[in-house]
Amino acid sequence: MTEEQKNILSDYPKLHCPFIRKEFDVNLEDWKKYGHSLQLRSPKAYLVINQINPDYEWVFEDKDTIAVEKLNGSNIKLLTKSGRLITVQNRKNIIDPLQITKGKTFILEGVFQAIGKGYVNSNGEQAGELIGPKVQGNPYKLNNHLWYPFSKTIEHLSYRSFHEHDRTFDNWSDWFKNWLVSRFSSKLGNRDIMAEGVVFYNLKRKSEGKIYRAKLRRDMFDWYYSDKIEIYNYSSKGV
């Protein structure tokens with residue numbers, strides 16, 4: 001095994017939705033007009049319905065569950081040893097931190113911005129989200145790229161009012177549609193930017209070796225599309 005192979009990090013695991021999702025056909029002509037801007041690759045929408053995904057009851061019932069802003073960027077993992085940056089990995093793609101004349105140098109810009117802010121530990125593996133001008137259309141209107149660790153999102157980007165409301169499909173649909181302002185952008189003084197969604201964490205379940213993360217995005221709800229694209233036979237009940 002080569003030294004590079006030794007430093008390959010595991011891919012960040014896929015997070016599942018706490019609601020069951022189903023695929024619904026949409027109007028073809030509407031899709032041709034708006035599908036690209038709404039990131040619909042085919043004339044179908046994969047939407048949540050008001051049924052809890054098996055094994056995800058804890059999202060709704062467990063008092064230790066929290067809701068944290070899901071940053072809209074690109075997943076990046078880092079490995080450091082004794083203060084040295086050993087591995088930068090975008091999903092399964094290794095980024096050479098010494099390759100500065102070509103390639104995705106903006107990823108390294110974001111990592112070094114994070115180092116300057118003290119976000120990167122001296123030892124160990126960290127996962128986080130790269131955000132900025134060349135990532136996902138730059139929804140946060142940043143001038144520079146930044147790598148933001150997931151551990152920091154839990155500490156600083158959680159929604160404190162999450163526990164004050166009933167955890168129901170209708171409540172969350174209204175919250176995501178009208179009130180899910182980006183915590184990250186708010187801290188920069190901009191409260192006009194909506195979050196992409198949330199990641200639900202339950203760190204007690206993590207300590208017990210159980211499923212402890214789930215995700216829910218705004219684009220999983222029908223209203224995200226329905227003002228521009230007709231959705232056929234959608235019902236939140238799934239029938």
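Glu29 and Lys32 join their side chains in a salt bridge at 3.6 Å, N to O (a side-chain nitrogen of Lys or Arg within 4 Å of a carboxyl oxygen of Asp or Glu). This is a predicted model, in which local features need pLDDT of at least 70 and side-chain atom pairs count only at pLDDT 80 or more, while totals for chains, interfaces and linings use all residues. Residues are numbered from 1 along each chain as its sequence is written, and side-chain values use heavy atoms, with hydrogens and water left out.

**Salt bridges**

- The structure holds 7 salt bridges.
- Glu29 and Lys32 both belong to helix α2 (residues 28–34), 3 residues apart, about one turn of the helix (helices are DSSP runs of H or I with at least four residues, strands are runs of E with at least two, and both are numbered from the N terminus).
- Glu29 is partly exposed at 46% relative accessibility, and Lys32 is exposed at 54% (buried is under 20% relative accessible area, exposed is over 50%, and partly exposed is in between, with a 1.4 Å probe and protein chains only).
- Asp64 and Lys63 form another salt bridge, at 3.6 Å, N to O.
- Asp64 is partly exposed at 28%, whereas Lys63 is exposed at 65%.
- Arg217 and Asp219 meet in a salt bridge at 2.8 Å, N to O, and both residues are buried.

**The largest pocket**

- The largest pocket has a volume of about 1600 Å³ (a pocket is an open set of points on a 1 Å grid over the protein atoms alone, where a 1.4 Å probe fits, with protein on both sides within 12 Å along at least five of seven lines; the volume is the space filled by probe spheres set on the points).
- Its lining has 48 residues, and Lys70, Glu196, Lys215, Arg217 and Asp219 lie nearest the centre (lining residues have an atom within 4 Å of a point).
- Elements that give two or more residues to this lining include β2 (44–52), β10 (213–217) and α9 (223–226).
- Strand β1 gives the most, with 4 residues.
- The lining divides into 22 nonpolar, 12 polar and 14 charged residues (Ala, Val, Leu, Ile, Met, Phe, Trp, Tyr, Cys and Pro count as nonpolar, Asp, Glu, Lys and Arg as charged, and the others, Gly among them, as polar).

**Ser185**

- Ser185 sits in helix α7 (residues 183–187) and is buried, with a relative accessible area of 1%.
- Leaving out residues up to four places away in sequence, Ser185 touches Tyr140, Asn190 and Ile193 (contact means heavy atoms within 4.5 Å).
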